[in-house]
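Reader: I am new to structures like this one. Please show me how to read it, step by step.

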Amino acid sequence: MDQTAAGLVISVALNNTDCLYRQQNGDNCQMKIIVSGGGTGGHIYPALTIADTIKKLYPDAEIRFVGTTHGLEKDLVPRAGYPIDFIDVQGFKRSLSADTFRSVYKLFTGLGDAKKLLDTHKPDLVIGTGGYVCGPIVFLAAIKGIPACVQEQNALPGVTNKILSYFVKTIFLGYKEADKYFKGKAQKIFTGNPIREEILSHTRWEALRFFQLDVQKKTILITGGSLGAASLNKAAFQLEKELSGRDDVQVLHATGKNHYEAYKKQIEEAGGFQSNIRVSPYLYDMPMALAAADLAVFRAGAIGLAELTARGIPSILVPFPYATANHQEFNARALEAAGAALVILDRELNGDILQEKVERLLQHDEELRQMRLAAGRAGRPEAAVDIAKQAVALINTKKR
């Protein structure tokens, strides 16, 4: 299925499900839903995507978030237009220290805060997307008999979600490989990870025109995330120096804002790059950049990979080595096993190995084509709709 057709299917599913829900429940039915997930964008953006999808499916639903004042959610959630309540809780370090006792104290404080919120708002459903902040609210909801579920983005689950699996009704898996790590009685459903609807909203030709790129050249998209990655930039510089001026390939490279000036100076000292190499501090329209890409060089965050596979983009992945429990490598290896990606560990990354892998794919169209097909098979563009529908179904199950 091409990306335009996939977007149409999602749109039809949203409309049909909304009509069915209204027929079954009546116009006066108004769900109250709490969504919680925080600390990092990797937990918050999936939560926002799920919330947005529920609102499209069920416009009358009341959705509010629960987070902490020291996580990114304090800014991102209000900006997205949702109310947010805060609880006082902090994560546990993986080694025993004096701070552990403070975390235990904060846990009980957070449970008290969560109880007050549940008593005040009386939600019909609570959804957690990981991070320690969702632990108290999801746990207490499950204990009180309120339908509760979690969405796990990574191939190696986080500690909070593993604990919650003993109490919640359902776990929505971003990767099939995560299944074996959950020992609780929760139902486990592989849905893939939720992605923003706009990821599928552009065609390749539209994107190439937007960036003024050559339709005859293969496009390589390189980014280490919004902050950039020094190791990836260093390897990319050697690659781009070799590709500069080539008539078969073009590069879109976002260095990260903190790395851009140094990278630009490095280019100038090397005599400059030709126009087929585009370097910027940040790509503000990532959906458009993804639409243009024939190959991506990425970190291995769960949502970034979900966006790549939803568009069927083959990739060379360099997992962030300091991710909690090294979960990015688990994500990358899952795509590698599916045939959709090649993996270079950060400690092994250099310009020579990156250039070797890129050149191999540029020169072997069939290998690149097979990786593209594998990425498409791994993609789950309908994940947000699946999660929203099945989460809300937990409410109806309780009522029956």
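Author: Start with a pair of strands. Strand S9 (residues 249–254) and S10 pair in the parallel sense, over 4 bridges. This is a predicted model.

Reader: What holds such strands together in general, and which residue is the bridge partner of Leu 252 in S10?

Author: Strands of a sheet pair through backbone hydrogen bonds, either parallel or antiparallel. Here, Leu 252 has Arg 278 in S10 as its bridge partner.

Reader: What is the order of the strands in the open sheet?

Author: The order is S10-S9-S8-S11-S12-S13. That makes 6 strands, with parallel pairing. Strand S10 (277–280) and strand S13 (341–343) stand at the edges. Each has a single partner strand, so one side of each lacks a neighbour in the sheet. From one strand to the next, the twist averages 15 degrees.

Reader: Which strands does helix H12 touch?

Author: Helix H12 (residues 327–337) packs on the sheet and touches strand S12 (315–317) and S13. The direction of H12 makes about 130 degrees with that of S13.

Reader: Now two helices. How do H8 and H9 lie to each other, roughly parallel or roughly antiparallel?

Author: Look at the crossing angle. The axes of helix H8 (residues 230–243) and helix H9 (residues 260–269) cross at roughly 30 degrees and come within 12 Å. H8 and H9 are therefore roughly parallel. Asn 233, Ala 236, Phe 237 and Glu 240 in H8 meet Tyr 263, Gln 266 and Ile 267 in H9. By class, this contact has 4 nonpolar, 2 polar and 1 charged residues.

Reader: Where does pLDDT stay under 50?

Author: Where pLDDT is low, the predicted coordinates should not be read in detail. Residues 1–28 stay under 50. Residues 92–98 stay under 50 too. The mean pLDDT of the chain is 88.

Terms used. Residues are numbered from 1 along each chain as its sequence is written. This is a predicted model: local features need pLDDT of at least 70, side-chain atom pairs count only at pLDDT 80 or more; totals for chains, interfaces and linings use all residues. Side-chain values use heavy atoms; hydrogens and water are left out. pLDDT is the predictor's confidence in each residue, from 0 to 100. Contact means heavy atoms within 4.5 Å. Axes are lines fitted to C-alpha atoms, for helices over the stretch in contact, and angles run from 0 to 180 degrees between N-to-C directions. Angles under 35 degrees count as roughly parallel, over 145 as roughly antiparallel, 65 to 115 as roughly perpendicular and the rest as oblique. Ala, Val, Leu, Ile, Met, Phe, Trp, Tyr, Cys and Pro count as nonpolar, Asp, Glu, Lys and Arg as charged, and the others, Gly among them, as polar. Two strands pair if DSSP finds at least two bridges between them.
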